[in-house]
Amino acid sequence: MCIDLLAMSIELKGGRTQLKRTEGKPEYVFYDGPPFATGLPHYGHILAGTIKDIVTRYQTTTGHHVTRRFGWDCHGLPVEYEIDQKLNIKTRDDVLQMGIDKYNEECRSIVMRYSKEWETIITRMGRWIDFKNDYKTLDPSFMESIWWVFKQLYEKGLVYRGFKVMPYSTGCNTALSNFEAGLNYKDVSDPAIVVSFPVVGDADGAALLAWTTTPWTLPSNLALCVNANFTYLKVKEKHTGAVYIIAESRVSQLPARKKLKSGTGTENGPASTGLGPHEPSANGKKSGKKGSAAGKKAGAAGGKNAAEQNATGGTSGLDSEAYDLLGKIKGSDLVGKRYLPIFDYFAELSEAAFRVLADNYVTDDSGTGIVHQAPAFGEDDHRVCLRENVIQKGEDLPNPVDLNGRFTEKVKDFAGKYVKDADKEIIAHLKAKQRLVSSGSVVHPYPFCWRSETPLIYKAVPSWYEKRFHNWLENARDWAISRSRFWGTPLPIWMSEDGKEIVAVGSVEELERLSGFRATDLHRHKIDHVTIPSSRGPEFGVLRRVEEVFDCWFESGSMPYGYIHYPFENRELFENNFPGDFVAEGLDQTRGWFYTLMVLSTALFDKPAFKNLICNGLVLAEDGKKMSKRLKNYPPPTDVVNEFGADALRLYLINSPVVRAETLRFKKDGVFAVVKDVFLPWYNAYRFLVQNALRLQAEGSSPFKPFEMSVVQTSVNVLDRWINSSSQSLVQFVRAEMEAYRLFTVVPFLLDFIEKLTNIYVRLNRKRLKGRTGEDDCRMALSALYHVLLTLCKTMAPFTPFFTECMYQNLSRVLADGAEESVHYCSFPEPQKPADPRIERSVRRMQTVVDLARTIRERHNRPLKTPLNTLFSNYCEGACGTGGQFGLPWSDQYVLEEMNVRSIVPCSDLLKYANLRAQPEYSILGERLGRSMGEVAKRVKSMSLAEILEYEKTGFFDAAGHRLGAGDIKVIRDFKLPADIAVGELDAASDGDALVVLDLRSDGSLADAGTAREIVNRIQKLRKKAGLEPSDVVEVFYEILDASEDSDPTALKRVVVSQEEYIADALGSPFMPFTVCPADEVIIADQLFKGVAGGSFKIILTRPSPAFDDKAMLKACGGNAEHAIRLQTWILSRDLTTLRVELSNNKGKVHVNIDGQPPYDVKVDREFFLSTGDKYRATKI
C-alpha cells in the first residue's frame, strides 16, 4: 500500500501531461463504454477498467496519441427507476400529473450521484482516464449527434414505426429489448393448466385441448393454432364421456383419472405438468408461457412415452383403460374449424376470430400440439393471426391490458386486476364454466425486469424500429430503438396529426430553421412544446414531436460520434480514425453495447465500429455465486486494494480465465499470492542491487553508476549474457502478446522471468554482486542487474503502474541527465540485441536437472544440507558452447551448490542406467496422420533399442509408410539399476527426456561437509537475529567448548580445520578462532550451539575494526613505542569508510601527522589491517 501511495502523485501528474507529450503522434482510438453513476463500481467494472488501462498505456508507450475520456450513461431506466422509488411513482399517469419538467429535473439531479466514488476507486486502481474532460449522454452536444445518427438511418429508409409484441416491464411501464429481457431470470412457480375449446358442430361434441402457463392471456384468446403436418387423435374419456382432440404424440397430457404418485401433478391433472425441452431458458429463445418475455409458447414435456411416440408414430401412450380412440385427424383438416370462446369480451370479432389456424411454430414434443392465440401477448400469435386476417395491421389490436399491467374495463370480470394476480380467479372462472381439464403448477426459469425486479410479460406496444438490413447477422431482429418514457434523448421526429407528414430533424440548427426555436437543452420538457408548420399549408396545422425517447442502448451505441460531437465538430479526427482501434467490456455486452455499436456503424458507414475487442467474463464470488451485497459473499474492492495494493489486484484479474471471457471465482488469497510470488521476489532482486551498490560506496569506492547497456552487452560472463538474453525474450514476448491483445499470457511469462532473475541470476551471482571477484566484475554484474530491472520496469509499467513507478524513481537517480521523469513517459523497450536461444536452452536443461535431482532428494528424505557424492545425467553433454557439463562455464558450480553434490558426471553410457522406449507425439501427429495414427503409433511403440538410437542420431524414422521427423517421437528413459549396485544406493528421476541419477551413498568426508553447511546456516540465522542486513560486514569468531559429559569436540575441531575454506567462502569473510579476537573488539551478537557433530560451540559476531602488526608498526616509527601507540590510536579513531577512500586515493598508504612527533607513512596490509579478518588471512598466507 505504501508503494501505491508513494507513487500516486507521480501517477496523476503523468496522466495529465501524457496526452500533451504525445501530440502529433499517430492516433490510437479507444472507445470507453459509459456506465451509470447511479450505482457504485464493482469488480466487473474494475476488471474491464484494468484491461482498458493496460492496453491504452501500452499503446502510448509504443508511440501513439491515446485520448482517454471517461463517459457517463445518464438516461434510461436505471435513473428513472431510482426516482420512481424515491417519489413513490407507480404509473405513467403519476409522472404526467407531477409534470415531465419536474420529473426530468429530479432525474438530472441524481445522474452523477456516485461520480466521485467512481473517480476515487478508478484512480486508486491506477487507471489513467480523463474525468475533467468526460462526456455525458445528457450533454446537448452528445444528444445532437444522436439526432444526426437517427436522421441518417431515417433517410436511408431504415426506420419505421411498428406495433409489435415485445418484452414489457409493467414495473417500469416500458418495452425492453430482447437483450434486456434475458438479463434477469429467476426460478418461479406458475400455474400449468389444460383448457378445453368445444368444436362448433362436431358430431361427437369434441373439444380441442390447449395447455398454458399464463391463464391471464385467456381472456384475450382469438384463435387456436395447430401444425398442419401433425396427426391428431380424437379420444373419448370412458369415465365422463368427454371427447378431446390432442396431438398424437402428446396423449400423455390427457388427464389420468386415477390416483397419481406424489409429485406428478394433481389427482385429476395430466401425468406431467413440468416444462420440458421448450421451457423458458436463460437465453430467451424458447418459452413455456404465452405472454412471457421468454418467447413463444410451449407446453409440458411428454416424457419418455412422448419420445417413443415421436419415434414410432404409434399411440402407445394412450391409456386404453381410461380412453377410447375414436379416430385420427390430420392437422390440415382441423384448419378452419370454429370453436366456442371461453369469454365473450371480443364477441364483435367472431366473424374472423375463434377458429383453428395452422403454423409450423407449433411443436409436437411439448404441450398438447394445440396453442391458444392471444395476438396482443405472443410474438408468434401476433404473426399468425395477422397473416390469417384474424386481426388487422396497426395499433387497434385487442389488448385489454394497460401500461401498468392491469386489465382494462374491456375485461369486466377482472378489470383493474394486475394480470399475474388474476390467474387464480381466471382458473376458478374456467372451472365454473367446466372448461378446466386439468390444473397443476410448474417451476421454471422466468424473466424479470433487470431494474424493477417485476416479472416481464410479452405485450404488443407501438415503437420505432431500426430495420434489419443486409443479412449481416443471422437471426437478428429489427431493433426497437424507442421507449415510452421521459428521461432520455427525445426522438427527433415531428409528425402531423393525420400522420401523413413526418420530419426527422438532424441538428439543433435544422430545428431552429424549421420551427424558429433555438434549443439549448434537448430533453423532452425543453422541446416538446416546439412545433413545425406543415409544408402542405396552414390549413394542415402543425407537426408535433412524437412522445418517445431513445432506448439508452441507442445512445451508448452512438458513443463514437456523440463523445466528439461528430459531425458538427472533429470531422477530420473522426473520419481519419474510424473504425476505432479498441473496445473492452464484459461478456454481457455481446448483445448490448457491442451489438449496438456494430448495428449503428454498419448502417451508417457499412463498416464495424471497432477493430479489436477484448470481452471479459463474469467475476463471481468464491462460492461460485453472483456477488451479492446482501449475502456479503465477497470482500469490498477498496478493502482488497488497501490490503494488497492495486497492482496486485490488477495482475490477479488479468492472470485469470476471466480475460478469456470465462468466469472467475474471486479469491482474496489469490491476490495475496500475487504479492508473494511476483512483487516480493521482484522487490528482493531490486533490494539486493541497492544494498550492494551502497556497499561499494561504504567500502570507499566511488558511487555506483551503471555501465551503458552497450558495455554490459560486451560482458564475457555467460550469466550476464543469459539474463540479458532472457530480458530481451521477455520484451519480445510481451510486445507480441500485447499486439495480439492476449493479456492473460503475460503474467505466467513474468513469473518465469522473475524466477530466473532471483533464483538463478542473483543467487549464482552473489559473490560477484558482493564484490568478492573484484570491483570491476562487481560493477559489471550490478550494471547487468540494473539494466534488467530497468527493462522490466518499462515492460511491466502498463500492467503495474504503481510498483514500476516507485522502482523507476529510485533506479533513475543514477541515469544521465535527460532521463524521463516518469516510467510512464518512457517508450516501450526495443530489443537491444537479439536473444540467444542457445544460452536460454542450456539454462532450461540445467534447471531441469536441478528439479529432477530435488525430486530424488525429497523421495529419500535427504535434505539439501546433506551432501551427496555424485550426480549423473544425460543432460550434461551435447549443450551449446563449452566450459561446463551443460555448455556454460558456471553451470557445474550452480548445480553443485544448488544440489549440494561433490561432482557431476555425464552419462557416457546411458544404457547402464536407463531403458529406452519410444512413444508417438499424439498432439503433433494426430491431425497430420488422421486414420493412420493407430497403425503408426503401434509401430513406434514397438521400436527396438537400435531403432531408437538410430532415430536420435538421424532425426527420422519410417513407420507404416510415413516418415517421422524430429519432434514426432518422444524417447522416454526409464531408470534401470545397474547390476553391481544395491537397492537404495542409487536412484533416478526422469521427465521422459532427461535422466538424473544420484549416488545416495555416504562417507565420513560427506558428513564433515554437511556439518560445515550446518555451521554456516547457524551463523546466517544469528546474523538475522542480530538485525543485520546482507550487506553489513562483521567479523565471525568461533569457540569450541571443551569435552564434557554430553559434548565431544573431536569431530567439530576436525570440521573447522578441514572445511575452513568452504565456511569462509560461504560467509565471505574469514572464520576465526576466538583466540585471535582483540580484547577491545565490539561484540554485536553471540550464541551457544549444542549437539552439532556431537559437540558444542559458540559463535561471536563483532564489528570490524583495524588490527595492527605491532612489530611492523614499531619499525615504521623508528622503534619509538610511544609514537607507535599514538599512531594506532589515531587510526582506530578514523571512520573506516573515510579511511578506505583515503587509502584508495593514495595507493594504500596514509600519511599521519600528529603534534609532538614526526609525520609517518604507514601502509595497509603491512603496518595495519582494516579488520582482524584481513590480518588473520594475511597471517595464514
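# Notebook: a predicted model, looked up piece by piece

I began at Ala816, which is exposed, with a relative accessible area of 53%. The model I am reading is a predicted one. I placed Ala816 in the loop between α27 (801–811) and α28 (837–859). I then checked its distance to Lys705: the two are 111 residues apart in sequence, yet 9.4 Å apart in space, C-alpha to C-alpha.

**Domains.** I listed the division of the protein next. Domain 1 covers 1–155 + 553–659, domain 2 covers 159–179 + 458–550, and domain 3 covers 190–253 + 319–447. Domain 4 takes in 668–817 + 826–835, domain 5 takes in 1004–1102, and domain 6 takes in 1107–1179. I looked up one separation, and the C-alpha centres of domain 1 and domain 6 lie 72 Å apart.

**Cores.** I asked which residues have the most contacts inside the largest nonpolar core. They are Leu649, Trp682 and Tyr761, in a core of 131 residues. Helix α26 (residues 775–796) contributes the most to this core, with 13 residues. I noted that the core lies between domain 1 and domain 4, because both give residues to it.

Leaving aside neighbours within four places in sequence, I found Leu649 in contact with Tyr43, Ile46, Met125, Val640, Val641, Phe666 and Val671. Another core lies apart from the largest one. This other core has 67 residues, and I wrote down Trp216, Phe230, Phe354 and Tyr418 as being among them.

**A helix pair.** I went back to α26 and looked at how it packs with helix α23 (residues 718–739). Their axes are 10 Å apart and the angle is about 5°. An angle under 35 degrees counts as roughly parallel, and α23 and α26 are therefore roughly parallel to each other.

From α23 come Asp720, Ile723, Asn724, Ser727, Leu730, Val731 and Val734. From α26 come Met780, Ala781, Ala784, Val788, Thr791, Leu792 and Thr795. I sorted the residues of this contact by kind: 9 are nonpolar, 4 are polar and 1 is charged.

**Helix α6.** Which residues of helix α6 (residues 115–124) are buried? I found Ser115, Trp118, Ile121, Ile122, Thr123 and Arg124.

**Cis peptide bonds.** I recorded a cis peptide bond from Tyr566 to Pro567, with omega near 5°. Pro567 sits in the loop between α16 (559–562) and α17 (571–576). I recorded another cis bond between Phe578 and Pro579, where omega is about 5°. Pro579 belongs to the loop between α17 and β22 (580–586).

I noted Asn173, a residue other than glycine whose phi is positive, near 55°. Its loop runs between β3 (159–169) and β4 (174–175). Is Asn173 buried or exposed? I read a relative accessible area of 5% for Asn173, and under 20% counts as buried, so Asn173 is buried.

Asp1165 is not a glycine either, and its phi is positive at about 65°. I found Asp1165 in the loop between β40 (1160–1163) and β41 (1168–1169).

Key: Residues numbered from 1 in each chain as written. Predicted model: local features only at pLDDT ≥ 70, side-chain atom pairs only at ≥ 80, totals over all residues. Heavy atoms only, no water. Core = buried A, V, L, I, M, F, W, Y, C linked by side-chain atoms within 4.5 Å. Buried < 20%, exposed > 50% of the residue type's maximum accessible area, 1.4 Å probe, protein only. Helix = DSSP H or I, 4+ residues; strand = E, 2+ residues; numbered from the N terminus. Domains from an automatic or database assignment. Contact = heavy atoms within 4.5 Å. Axes fitted to C-alpha atoms, helices over the stretch in contact; angles between N-to-C directions. Parallel < 35°, antiparallel > 145°, perpendicular 65-115°, else oblique. Nonpolar A, V, L, I, M, F, W, Y, C, P; charged D, E, K, R; others polar.
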